[in-house]
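Me: I would like to understand how the words used for a protein structure are tied to their definitions. Could we go through them slowly, one term at a time?

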Amino acid sequence: MEEAEFLFENKGEIDFASWNAMMFGYVMNNESQKALELFSLIHETGEKADPITLATAAKACCCLVGLEQGKQIHAYAIKTRFDIDLCVSSGILDMYIKCGDMESAHVVFTQIPVPDDVAWTTMISGCVENGDEDCALSMYHQMRLSGVQPDEYTFATLVKATSCLTALEQGRQVHANVIKSDYTVDPFVGTSLIDMYAKCGNIGDAYLLFQRMNIRNIALWNAMLVGLAQHGNAKEALNLFETMESNGIEPDKVTFIGVLSACSHSGLISEAYKYFDSMRKNYCIKPEIEHYSCLVDALGRAGHVQEAEKLIVSMPFEASASMYRALLGACRIQGNTDTGKRVAEQLLALEPSDSAAYVLLSNIYAAANQWDGVTDARKTMERKKVKKDPGFSWIDVKNRVHLFVVDDRNHPQTDLIYDKVEDVIKRIREEGYVPDTDFMLLDVEEEEKERALYYHSEKLAIAYGLISTPPSSTIRVIKNLRVCGDCHSATKYISKVYQREIVLRDANRCFGDGICTCGDYW
């Protein structure tokens with residue numbers, strides 16, 4: 001860029017091609033502020049910018065996430081009537097999306113006379129980036145109705161939308177369109193599909209698709225490996241890693257996140273350390289905070305809470321909130337009240353409004369029957385106006401989502417659902433299920449605790465699945481928070497008694513014939 005600046009400044013007569021090339025160079029070299037300064041200079045000289053100049057300026061605002069500057073560029077485009085130019089309008093559209101102003105993005109999009117596949121894909125991608133996956137799918141249907149054909153980037157984005165929604169049936173419909181459009185061999189689309197099937201709890205279809213892919217790049221392998229790890233299939237994940245190595249495919253940092261996660265979810269501590277050390281020794285990959293987080297999680301799950309604490313202190317990074325959160329969760333499982341208090345203090349120092357810290361701490365006190373501690377934690381939450389995220393579970397039946405919270409009585413079929421829950425509890429008790437009241441964190445009588453456990457959102461959703469889906473079909477339930485220990489135990493019995501495969505997912509659990517994929521190591 002220094003040589004480009006020298007040539008630009010010493011050129012006799014400056015033409016727009018040179019201005020635009022210089023601005024574009026700044027944007028491409030992460031100096032977007034200089035690009036906007038150059039744009040201002042053009043304006044000061046009295047010259048009228050052309051569409052390429054405006055599109056580049058919009059791109060600079062996009063890189064800077066500069067909404068105010070972007071609005072000025074948009075206003076200038078309207079004044080010069082260049083806002084109808086597809087290149088300019090697409091650039092402004094992308095700017096609003098990157099700045100998170102989806103309302104303005106929708107306005108700009110509706111004003112594009114004939115949006116092309118790039119504009120449609122930008123809009124669909126923007127909806128996903130800003131957490132509105134339902135809108136992304138709706139935009140896709142509008143795109144098809146308009147006659148514009150999606151490309152591989154559109155499909156990869158759509159699959160990601162269904163993945164975020166854990167909407168398996170919609171994901172399958174998108175997959176069918178991928179096949180019809182002959183994009184099945186595209187590595188981007190294939191990777192997204194594998195990730196979608198894994199996140200929706202269908203690891204079998206993910207693996208079948210992986211085996212059919214001809215182009216096996218590192219992203220494909222990573223998607224499959226991480227999917228297996230999330231499902232608790234540590235042996236399969238580590239075998240896949242060995243196959244990957246034997247095929248001469250060089251692992252990257254994402255690969256090792258999958259490998260370490262597999263070790264973490266299966267209690268393979270020595271293997272976790274081995275792979276962690278091999279990153280630097282064998283592949284010259286410097287461990288990042290995500291890799292340390294996986295190792296801390298592995299130690300915490302295995303009950304080595306003090307060792308995990310020491311690792312956090314010794315690592316060359318400041319500990320993240322998610323790392324402390326994982327360790328605090330381990331303290332809850334291990335019943336380690338003293339360490340839990342320390343970790344909670346460190347977590348709250350980083351994120352004072354983190355509801356998870358207060359909830360986990362109060363759960364630790366409750367499990368230890370220290371009810372005064374529970375009361376103090378809850379009062380502190382109220383005083384600091386920290387709100388707990390509500391726990392809920394949902395099930396998709398015939399493309400309709402049914403959502404449940406604890407003791408939910410709002411569903412149209414509430415009476416049938418509660419009757420089914422009673423029947424389920426009776427049958428699994430006969431099979432050996434005993435309610436684990438350690439997970440009912442209230443200072444009440446034992447019988448009352450047991451009754452309260454019956455109507456957790458997970459059990460209500462599973463009961464609805466039992467009465468509303470064919471006897472041989474898989475029941476897929478998603479929970480926004482961690483599945484409680486009692487529901488984890490009860491679901492194993494339900495899958496055995498009713499001979500149903502049940503996918504109960506927070507971080508992907510699969511139950512069949514009374515066994516969970518986590519091997520009870522969760």
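Me: How many cavities of 30 Å³ or more does the structure hold?

Reply: The structure, which is a predicted model, holds one cavity of 30 Å³ or more. In this model, local features need pLDDT of at least 70 and side-chain atom pairs count only at pLDDT 80 or more, while totals for chains, interfaces and linings use all residues. Residues are numbered from 1 along each chain as its sequence is written, and side-chain values use heavy atoms, with hydrogens and water left out.

Me: What makes a space a cavity rather than a pocket?

Reply: On a 1 Å grid over the protein atoms alone, a cavity is a set of points where a 1.4 Å probe fits but cannot get out, whereas a pocket is an open set with protein on both sides within 12 Å along at least five of seven lines. A volume is the space filled by probe spheres set on the points, and grid points are joined across faces, edges and corners.

Me: Which residues line the largest cavity?

Reply: Lining residues have an atom within 4 Å of a point, and for the largest cavity they include Val 421, Ile 428, Lys 459 and Ile 494. Helices (H or I, at least four residues) and strands (E, at least two) are DSSP runs, numbered from the N terminus, and α24 (414-431), α26 (457-468) and α27 (485-497) each supply at least two residues of this lining. For the second largest pocket, α11 (168-180), β1 (392-397) and β3 (475-479) each supply at least two.

Me: Why is α6 said to be largely enclosed by the rest of the structure?

Reply: A residue is buried when its relative accessible area is under 20%, exposed when it is over 50% and partly exposed in between (1.4 Å probe, protein chains only). Ten of the 13 residues of α6 are buried, so α6 is largely enclosed by the rest of the structure. Among these buried residues are Val 88, Ile 92 and Tyr 96, and they pack against α4 (51-64), α5 (67-79), α7 (102-110) and α8 (117-129).

Me: How do you know that the span of α23 agrees with its number of residues?

Reply: The expected span is 1.5 Å times one less than the number of residues. The 13 residues of α23 (residues 371-383) should therefore span 18 Å, and the end C-alpha atoms are 18 Å apart, which agrees. In α23, the buried residues include Trp 371 and Met 381, and what covers the buried residues includes α22 (355-367).

Me: What share of the whole chain counts as buried?

Reply: Of the 522 residues of the chain, 51% count as buried, and the chain has 27 helices and six strands.

Note on methods: Contact = heavy atoms within 4.5 Å.
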